[in-house]
Amino acid sequence: MQEVPSAVSFKELVTHLNAAANAAPLEGRPAVEALSVDWADRVRSLLKEVEQSASTAAEGKTVDQVMALGSFRTHLMISLQALKAADL
């Protein structure tokens with residue numbers, strides 16, 4: 001099994017995305033259609049889930065873990081602003 005890297009550069013991410021676009025189609029659909037997603041909707045959905053489960057997610061966690069969750073939420077909000085600014 002491959003290890004999950006602690007960080008991925010934008011260049012590496014684009015390389016992986018291009019490789020996935022050229023991969024075999026999923027469930028009979030062209031690979032390009034399988035990759036097309038509405039990022040804003042997905043980020044909003046994830047942000048909503050994080051906000052709804054914040055109180056239960058914080059139970060039994062250290063201060064650093066709770067701060068990391070808050071940081072994740074902030075990054076989601078900033079990504080929504082970036083998507084809006086890029087008109088995507």
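1. Let's start inside: the largest nonpolar core is made of seven residues, Ala40, Val43, Leu47, Val50, Leu76, Leu80 and Leu83. Helices H3 and H5 (63–85) each give two or more residues to this core, and H3 has the largest share, with four. Here a nonpolar core is a set of buried Ala, Val, Leu, Ile, Met, Phe, Trp, Tyr and Cys residues joined through side-chain atoms within 4.5 Å; buried means under 20% relative accessible area, exposed over 50%, and partly exposed in between (1.4 Å probe, protein chains only). Helices are DSSP runs (H or I, at least four residues), numbered from the N terminus.

2. Please keep in mind that this is a predicted model, where local features need pLDDT of at least 70 and side-chain atom pairs count only at pLDDT 80 or more, while totals for chains, interfaces and linings use all residues. Residues are numbered from 1 along each chain as its sequence is written, and side-chain values use heavy atoms, leaving out hydrogens and water.

3. How many salt bridges does a search of the whole structure find? There are two, each a side-chain nitrogen of Lys or Arg within 4 Å of a carboxyl oxygen of Asp or Glu.

4. One joins Arg44 to Asp41, with the closest N and O atoms 3.2 Å apart. Both residues sit in helix H3, three residues apart, about one turn of the helix.

5. The other pairs Glu51 with Arg73, at 3.1 Å between the closest N and O atoms. Glu51 lies in H3 and Arg73 in H5, so this pair ties together parts 22 residues apart in sequence. Glu51 is partly exposed at 41%, and Arg73 is partly exposed at 32%.
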